[in-house]
Amino acid sequence: MIKIVLKKSSQKKLKNSVFAFFLATFLLCGCSGKSSKTIIRLQKMEENVGSPTTEVELKDAIKKYQDRVTDIQLANSQIGIWYKMLATRYLDAKMYGEALKTFQTAIQYYPANQNLFYYVGVCAGYMAKASLDFSASGGTSAEKFNYLKLAESAYLRAIELEPRYVRSLYGLGVLYVFELDQCEKAIPYLETALSVETKNTDIMFVLARAYYVEGQYDSAVSLYDKIISVTKSEQKKKSAEANKKIALDASYAN
């Protein structure tokens, strides 16, 4: 039998780590009355803090509990980072349902992170495409519509946090133009995105499409001309030329 001897400093570190782990676990599981009492009891056992009365005892208790708060903050921060990493792994593996749930959990730790809301929008969009009308009613399933609305709200929240966040501006534009058939709503978001990335031809194509659907043919033609002038892709140039002709024909017809 091997006997392991720890130094006092190592024993204290181990003791503190175990206590912080259990304390964080209680907080993550929810602060019910029972668990709150358990936490207080553990704190008293760990720090030997009962009911301080004198000034010195009160200051000492405050210092000890502040240290515990810092431990919990660090633990929660790390847990949030791990959720983001796990969600990204799911996304890379195209497991969009799992990625969506995990990004939503990560948001609980980082509710002001626009990137997380963007990825929720992306995953919800993919899940909408994967939703089938299992009832065979011949219409769009409620599940698909719910995913599309989730994507919309996620993109909007990301833009609220960062108004010039191009990825969410573009994602929302694509959603409005190709999924929700609301081109009028898409235009201001796509215009803002293009003002940030002035040579982004992907944004130009979607915005030109929105202009065309809304009958703004001159604006659509102008964008197609810009794509033709800046792109180095022959395929994009041919697509822009073909779309320009369609917009011109529609303009002449009116």
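## Helices H9 and H11

Axes are lines fitted to C-alpha atoms, for helices over the stretch in contact, and the angle between two of them runs from 0 to 180 degrees between N-to-C directions. In this predicted model, the axes of H9 and H11 lie 11 Å apart and meet at an angle of about 15°. Angles under 35 degrees count as roughly parallel, and H9 and H11 are therefore roughly parallel to each other. The crossing of H9 past H11 is left-handed.

On the H9 side, the contact is made by Thr201, Asp202, Phe205 and Tyr212. Their partners in H11 are Lys236, Ser239, Ala240, Asn243, Ile246, Ala247 and Ala250. By class, the contact of H9 with H11 holds six nonpolar, three polar and two charged residues.

## Helices H8 and H9

H9, which spans residues 201–213, also packs against H8, which spans residues 183–196. The angle between H8 and H9 is about 145°, and their axes are 9 Å apart. H8 passes H9 in a left-handed crossing.

From H8, the residues in contact are Cys183, Ile187, Leu190, Glu191, Ala193 and Leu194. They meet Ile203, Met204, Val206, Leu207, Ala210, Tyr211 and Val213 in H9. The contact of H8 with H9 comprises 12 nonpolar residues, no polar residues and one charged residue.

## Helices H10 and H11

H11 covers residues 234–253, and H10 covers residues 217–230. The axes of these two helices come within 9 Å and cross at roughly 160°. That angle makes H10 roughly antiparallel to H11. Their crossing is left-handed.

H10 contributes Tyr217, Asp218, Ala220, Val221, Tyr224, Asp225, Ile227 and Ile228 to the contact. Among the residues of H11 that they meet are Lys236, Lys237, Ala240, Glu241, Asn243 and Lys244. The contact of H10 with H11 divides into 10 nonpolar, two polar and six charged residues.

## The largest pocket

The lining residues divide into 10 nonpolar, three polar and three charged.

Three helices each supply at least two residues of this lining: H5 (114–130), H6 (142–161) and H7 (166–179). H7 gives the most, with seven residues.

Methods:
Residues numbered from 1 in each chain as written. Predicted model: local features only at pLDDT ≥ 70, side-chain atom pairs only at ≥ 80, totals over all residues. Heavy atoms only, no water. Helix = DSSP H or I, 4+ residues; strand = E, 2+ residues; numbered from the N terminus. Left-handed = near helix turned anticlockwise from the far one by under 90°. Contact = heavy atoms within 4.5 Å. Nonpolar A, V, L, I, M, F, W, Y, C, P; charged D, E, K, R; others polar. Parallel < 35°, antiparallel > 145°, perpendicular 65-115°, else oblique.
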